[in-house]
Every structure is written in structure tokens, then in C-alpha cells.
Amino acid sequence: MLVLPPGTDMHKHPLVTDGKVFLQGKASCMVAAALSPKPGWKVIDACAAPGNKTVHLAALMNGEGSIIACELNKERAKTLQHTVRRSGANNIETVIGDFLNIDTNDPSYAEVRAILLDPSCSGSGISTERLDHLLPSYSIDDQDDAGSSARIRKLSAFQRKALSHALSFPSVERLVYSTCSIHQAENEDVVSSVLPLASSLGFELATPFPQWMRRGLPVFDGAQHLLRTDPEDDLEGFFIALFVRKAAAADALEPSEDGGALGRKRKRACTTRSGGLRAFSSLRLSRMDVLCSIWGI
């Protein structure tokens with residue numbers, strides 16, 4: 001990962017347009033690392049567009065195994081397909097369709113061992129959308145009102161349904177649920193609502209990036225395992241929950257190396273990590289040796 005100074009614009013840089021470097025926010029980079037799929041696994045990215053997390057998963061898996069990247073919206077699916085082509089990753093299959101329509105009993109999905117679920121959300125954690133407090137009409141109750149609006153209730157209902165569906169895949173060992181929302185209704189409340197189902201299926205909450213200080217809101221027993229990021233930490237507002245099946249928990253490896261790098265505020269300008277990208281057969285991706293993130297230091 002390269003860390004660049006604020007204000008650096010690389011969107012038209014040849015390294016970016018050629019797919020050798022991908023631009024991604026720091027908090028967004030934490031999602032695939034929290035899932036930490038092993039090389040050779042079969043993985044689903046349930047709501048994959050625009051695809052940055054998808055190709056990050058492919059890199060973490062050394063190009064081994066397979067990733068099924070689902071996207072319901074046809075226009076967003078085009079962006080996903082473009083991202084995958086630009087990366088050169090050859091272990092990603094894009095599926096234009098609804099993740100919720102996948103039959104979990106279908107033999108072709110029997111070997112899925114990890115799922116990344118980053119569903120549609122309010123986007124309230126994106127700092128550019130969090131400027132309402134500057135308005136003269138803003139009141140302290142506005143955030144609570146936004147978090148309980150009809151739109152948020154509709155989104156959280158979909159999120160609960162998608163998370164319940166993801167938990168029902170028979171061979172899944174690790175599942176990450178993430179949003180770029182700051183609202184409890186889309187985050188802790190969604191996780192809390194599916195915990196009885198998760199427990200009945202053998203899952204428990206694990207702690208991604210244990211060094212990270214900002215955890216979930218203390219609204220239920222176990223919320224300390226959840227992870228939140230906030231613009232106060234020079235990040236977007238993100239939420240991550242990691243479910244691990246108990247039978248596989250002993251073998252599950254926490255992304256401690258990356259967690260340390262992301263969980264502590266480092267003063268160095270950049271770090272490099274190339275080993276995870278060498279196994280791709282594509283010539284373009286074999287030349288790619290960094291995953292780039294623009295965020296403040």
C-alpha cells in the first residue's frame with residue numbers, strides 16, 4: 001500500500017489507468033483485509049461494484065482460487081467488469097444478478113468458504129456527505145432523525161435480509177458485513193438482529209484488527225468485536241463486522257500484520273507489499289506491485 005499526501009490526484013496517472021495501481025480509501029482497504037480469504041478458497045463478493053474490494057480480494061488470494069462477484073445493477077456491473085479487466089485478475093467471475101436469488105443449496109456454491117457483503121447503504125460515513133452540521137438550520141437531533149428515517153429503515157431491512165442469506169451458505173467459514181454508514185440502524189442493529197441465526201449456524205463474532213481502538217457502539221453484548229472508523233481518524237465512516245464459524249475459528253488467521261499497519265497511526269509516508277500480487281498470470285497484473293490509497297497522514 002502506498003500512502004500519499006492529501007490533495008494528491010492520480011486518477012489520470014498511467015499507473016492508475018493501466019491497472020497497475022488502484023485508488024481506494026484507507027477504511028475501504030480494511031474490509032477485504034478483515035475477511036482475509038486464503039489462497040485457493042472460493043469466495044463471493046455479494047454486492048461487488050465498482051470492484052475495488054473485489055480485486056483487493058484477488059490480490060490477497062495471490063490469484064489462486066476463485067471469486068464470484070455479484071452485481072444486480074447492469075450499469076454498475078459494467079463498471080465492475082471494467083475494474084476486473086483493468087486489474088488483469090483471471091480468477092474473478094462477474095455475475096449480473098441478485099445475490100439474494102442464489103440458491104444456497106446449489107452444488108456449485110457448496111464450496112464457498114468466505115463472503116464479503118458490502119450492501120447498499122446510506123453512505124452517511126463518506127465525509128463529503130457529512131457537512132450538514134455547517135448549516136444554520138442544523139440541530140443536534142438531526143443525526144438521530146436521519147438514522148431513523150424511512151429510507152434508513154428500508155435499507156436496514158434489506159441489509160438484514162442479505163446478511164441472513166449470506167450466513168446460510170453451508171461451507172462459509174468467514175463472512176464480513178460492512179457499510180460506509182455511521183447509523184446504528186444499519187450497523188449494530190443489523191448485526192444484533194441476525195445474531196440468533198448466526199449462533200444457530202455455528203457463527204460467532206470475531207475481532208478484526210484488534211489493535212484498532214474505535215469499536216462498535218455498546219448497544220449489545222459482543223459489540224466490542226465490531227469495528228468503526230470515523231473522519232476524526234482521517235478516514236471515512238466505515239463499519240465492519242466479522243463472523244467466523246466456530247468449527248473453523250481455531251484455524252482462522254486474523255490479518256494481524258495488516259491490522260497493525262492500519263490499526264496504528266503510522267508516521268511513515270508509505271509501505272509496500274508486493275508478495276500477494278506475484279501469482280497472477282496476467283502480464284499486466286504481474287507488473288502491479290502496489291495497492292494505492294489516498295488518505296491523510
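**Aspartate 45 and the charged pairs of this chain**

Let me begin with aspartate 45, which is buried and yet has no salt bridge, the nearest side chain of opposite charge being that of lysine 53, 7.6 Å away. Please keep in mind throughout that this is a predicted model.

Where does aspartate 45 sit? Aspartate 45 belongs to strand 2, which covers residues 42-45. What does the side chain of aspartate 45 have as a polar partner? The side chain of threonine 54 joins that of aspartate 45 in a polar contact of 2.6 Å. Lysine 53, although 7.6 Å from aspartate 45, does have a charged partner elsewhere, namely aspartate 118, with which its side chain meets in a salt bridge of 3.5 Å, N to O. The pair links distant parts of the chain, given that lysine 53 is in helix 3 while aspartate 118 is in the loop between strand 5 and helix 5 (142-147), 65 residues apart. Are these two partners buried or exposed? Aspartate 118 counts as buried because its relative accessibility is 17%, which is under the 20% cut-off, and lysine 53 counts as buried because its relative accessibility is 13%.

Let me stay with helix 3 for a moment. Helix 3 (residues 52-60) packs with helix 4 (residues 74-87) at an angle of about 35°, and their axes are 9 Å apart. The contact is made, on the side of helix 3, by Asn52, Thr54 and Val55, and on the side of helix 4 by Leu80, Thr83, Val84 and Ser87. In passing helix 4, helix 3 makes a right-handed crossing.

How many salt bridges does a search of the whole structure find? The search finds five, and the pair of aspartate 118 and lysine 53 is one that I have already described.

Another salt bridge brings together the side chains of glutamate 71 and arginine 76, at 3.6 Å, N to O. Glutamate 71 counts as buried because its relative accessibility is 8%, whereas arginine 76 is partly exposed, with a relative accessible area of 41%.

A further salt bridge, at 2.7 Å, N to O, is formed by the side chains of arginine 228 and glutamate 188. Arginine 228 lies in strand 8 (residues 227-228) and glutamate 188 in helix 7 (residues 188-200), so this pair ties together parts that are 40 residues apart in sequence. Both arginine 228 and glutamate 188 are buried.

Next comes arginine 113, which is found in strand 5 (residues 112-117). Which side chain does the side chain of arginine 113 meet in a polar contact of 2.7 Å? The partner is glutamate 173. Leaving aside neighbours within four places in sequence, arginine 113 is in contact with Trp41, Lys42, Ser171, Val172, Glu173 and Arg174. The C-alpha atom of arginine 113 is separated by 8.5 Å from that of leucine 175, which is 62 residues away along the chain. Arginine 113 is partly exposed, with a relative accessible area of 30%.

For an exposed residue, consider lysine 161 in helix 6 (residues 150-167), which has a relative accessible area of 56% and is therefore classed as exposed. Lysine 161 and leucine 100 are 61 residues apart in sequence, and their C-alpha atoms are 8.2 Å apart in space.

Helix 2 (residues 26-35) is mostly covered, with 10 of its 10 residues buried. Among these buried residues are Lys26, Ser28, Cys29 and Met30. After helix 2 comes serine 36, whose phi is positive, near 50°.

Let me close with the chain as a whole. Its secondary structure comes to 10 helices and 10 strands, and of its 297 residues 51% are buried. If we take the contacts between residues at least 6 apart in sequence, 76% of them join residues at least 24 apart.

Terms used:
Residues are numbered from 1 along each chain as its sequence is written. This is a predicted model: local features need pLDDT of at least 70, side-chain atom pairs count only at pLDDT 80 or more; totals for chains, interfaces and linings use all residues. Side-chain values use heavy atoms; hydrogens and water are left out. Helices (H or I, at least four residues) and strands (E, at least two) are DSSP runs, numbered from the N terminus. Buried means under 20% relative accessible area, exposed over 50%, partly exposed in between (1.4 Å probe, protein chains only). Lys and Arg count as positive and Asp and Glu as negative; His and the chain ends are not counted. A salt bridge is a side-chain nitrogen of Lys or Arg within 4 Å of a carboxyl oxygen of Asp or Glu. A polar contact is a pair of N or O atoms within 3.5 Å; within protein, one must be able to donate a hydrogen and the other to accept it, and residues adjacent in sequence count only if both atoms are side-chain atoms. Axes are lines fitted to C-alpha atoms, for helices over the stretch in contact, and angles run from 0 to 180 degrees between N-to-C directions. A crossing is left-handed if the near helix is turned anticlockwise from the far one by less than a right angle, and right-handed if clockwise. Contact means heavy atoms within 4.5 Å.
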